[in-house]
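This briefing gathers local features of one protein chain for a reader who works from coordinates. Please keep the structure open while going through the points below.

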Amino acid sequence: MTTQAVKPGNWVEHTMAWDELDFSKINMRISTDRFTSREYAERERELIWSKVWQVAGRVDELPENGDWKEYRIFDQSYVVVRGNDAKIRGFVNACRHRGNVLCRDKKGHSNGRFTCPYHLWSYGLDGRLVGVARPDLVGPIDKRELGLLDVPVDAFAGFVFLDPDPEAKTLAEFLGKEVLELLAPYKLDEMTPVMDVREPLECNWKVVMDAFSEAYHIVGVHPQLLAVIVPDVVKNRNAWFGDHALACAPFEVKMEAGFGPEDEVNGIMALPATFPGVAEVLPTFEEMVASHRDVNGTLKYPEGVSGRTLLQQATHVTLTRKGLDVSGLSDDQMTDNQGWFLFPNFMMTIRAGEAHVIMSAPHPDGDPNRCIWHVASYMWLPPGPREQYRAELVEVTEPGSYTYFEALQQDYDQMPRQQLGLRNHTLKYLHLAQEEVNVARFHMVVDRYMEGTTKS
């Protein structure tokens, strides 16, 4: 699916609503063994996690030449490093001599080389074998053949991606032209993490992906969001790009019967309780609203103007004053949280100036009933305050000891409850609601990989 709009964000005009989809071609029944079976998890490790591009960190974690970090999936360890030429590369974290781990910490800085602590073989930041201890004891070797083993690494939108498969297609091919074009105008690579938390969670990694792929659960889990996100078979839109997906539900105050302009304004003024990023926009929004009041203070909009359009204008003005170039974003992107899913495990809601990312991966111990989830929030900040507000990664080891913002906490509490139900042996499959079409499509992509016919 491609868009012909002037701005990439106008993709909504070229996508289908739920009631336009052909559900006869979509599998709405999901087997439950994929959430609980250790055998299934072991096949996922081989057919998905060893063959697909996955986020290994952020580019700004490696600001200087020589900075490195470890990326680990199951028991596979990789080193991602910024070389002396500023290029970011990835290597298997093992010495070519006897296989000893080179980097034992989570991150660090190297002054030009990695040295194995076992027999002191050393490698340049480009992976070349540059020296061995006691060459007289080693004998003749061809150093060109004994460099560190490369793994494909690339960057997009400020994220570092890694694929364990040495024969992987390029990241650009994996993501696809549409994904690259649609995300570029947000300037995500310029955003700063203001929350960054990782912890084990008592559920399968796909339970996390499913939870953030649909809005149906808002009714039961997030009733406070119903004022601004309303599941609607016509307004909510979907677009699918290869293995990836994009969905959007308009971000607007629910206008019930009898509601008027003042009710809409009051609803918007209450948004920071749920969406903190709106707070900085409200002073400009209030000024714009005031310009539409008559001498008696009555609010009257001309045709085409509403609280929603004023909030979009106020967001545009506020972010432009801060220094963010929003010229490539549509009006809807000023307010609407567009939901991105990049296979296999990257979920993001993003709008002008801010993004919230959810990732989940299998637990290193291989237990399909557990995973590691990683949540982060990003904001666009002027260069001066960026470091002041930058959040460091919080590694949570005591379950429940970290308190998330309201909606995220509700999801955190819900997902382990679902896993408990999924463990019932007599529950063989799940039947999805039509609103959960993106959940269905995700599992259809999983099925293709599990058939062993898809190459990353």
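The model is predicted, and the account begins with Ser110, which lies in the loop between strand S7 (107-109) and strand S8 (113-115).

**Ser110 and its surroundings**

- Ser110 has a relative accessibility of 5% and therefore counts as buried, the cut-off being under 20%.
- The side chain of Ser110 reaches the backbone oxygen of Arg113, with a separation of 2.5 Å.
- When neighbours within four places in sequence are left aside, the contacts of Ser110 are with Gly66, Trp68 and Leu125.

**The sheet that contains S8**

- Strand S8 belongs to an open sheet of three strands, in which the order is S8-S9-S10 and the pairing is antiparallel.
- S8 and strand S10 (129-131) are the edge strands, and each has a single partner strand, so one side of each is left without a neighbour in the sheet.
- On average, and with direction ignored, neighbouring strands of this sheet are turned by 35° against each other.

**Strand S19 and its two partners**

- Strand S19 (residues 354-362) is largely enclosed by the rest of the structure, because eight of its nine residues are buried.
- Strand S18 (residues 346-351) runs antiparallel to S19 and is joined to it by six bridges; Phe346 has Met359 in S19 as its bridge partner.
- The hairpin of S18 and S19 has two residues between the strands, and in this hairpin Gly353 adopts a positive phi near 90°.
- S19 is also joined to strand S20 (residues 371-379), again in the antiparallel sense, through nine bridges, with Val357 standing opposite Ala376 in S20.

**Gly57 in strand S3**

- Gly57 has its place in strand S3 (residues 54-58), and with a relative accessibility of 12% this glycine counts as buried.
- Although Gly57 and Phe159 are 102 residues apart along the chain, their C-alpha atoms are separated by 5.9 Å.
- With neighbours within four places in sequence left aside, Gly57 is in contact with Lys69, Gly158, Phe159 and Val160.

**Two helix pairs**

- Two packed helices are described by the angle between their axes and by the distance between those axes.
- The axes of helix H2 (residues 38-49) and helix H14 (residues 437-450) come within 9 Å of each other and cross at roughly 80°, which means that H2 is roughly perpendicular to H14, a label that covers angles of 65 to 115 degrees.
- On the H2 side, Tyr40, Arg43, Glu44, Leu47 and Ile48 meet Val446, Asp447, Tyr449 and Met450 of H14; the residues of this contact comprise six nonpolar, no polar and three charged.
- Helix H8 (residues 261-269) and helix H9 (residues 282-290) pack with their axes 11 Å apart and at an angle of about 170°, and H8 and H9 are therefore roughly antiparallel to each other, as angles over 145 degrees are classed.
- Val265, Ile268 and Met269 in H8 meet Leu282, Phe285, Glu286 and Val289 in H9, a contact whose residues divide into six nonpolar, no polar and one charged.

**Backbone geometry to check**

- Most residues other than glycine have a negative phi, and most peptide bonds are trans.
- The peptide bond from Phe343 to Pro344 is cis, with omega near 5°, and Pro344 is found in the loop between strand S17 (338-342) and S18.
- Ala157 is not a glycine, yet its phi is positive, at about 55°; this alanine lies in the loop between strand S12 (153-156) and strand S13 (159-162) and, at 16% relative accessibility, counts as buried.
- Lys187, likewise a residue other than glycine, has a positive phi near 60° and is found in the loop between helix H5 (177-183) and strand S14 (192-201).
- With a relative accessible area of 25%, Lys187 is partly exposed.

Conventions:
Residues numbered from 1 in each chain as written. Predicted model: local features only at pLDDT ≥ 70, side-chain atom pairs only at ≥ 80, totals over all residues. Heavy atoms only, no water. Axes fitted to C-alpha atoms, helices over the stretch in contact; angles between N-to-C directions. Helix = DSSP H or I, 4+ residues; strand = E, 2+ residues; numbered from the N terminus. Parallel < 35°, antiparallel > 145°, perpendicular 65-115°, else oblique. Contact = heavy atoms within 4.5 Å. Nonpolar A, V, L, I, M, F, W, Y, C, P; charged D, E, K, R; others polar. Buried < 20%, exposed > 50% of the residue type's maximum accessible area, 1.4 Å probe, protein only. Pairing = 2+ DSSP bridges. Polar contact = N/O pair within 3.5 Å; in protein donor to acceptor, adjacent residues only side chain to side chain.
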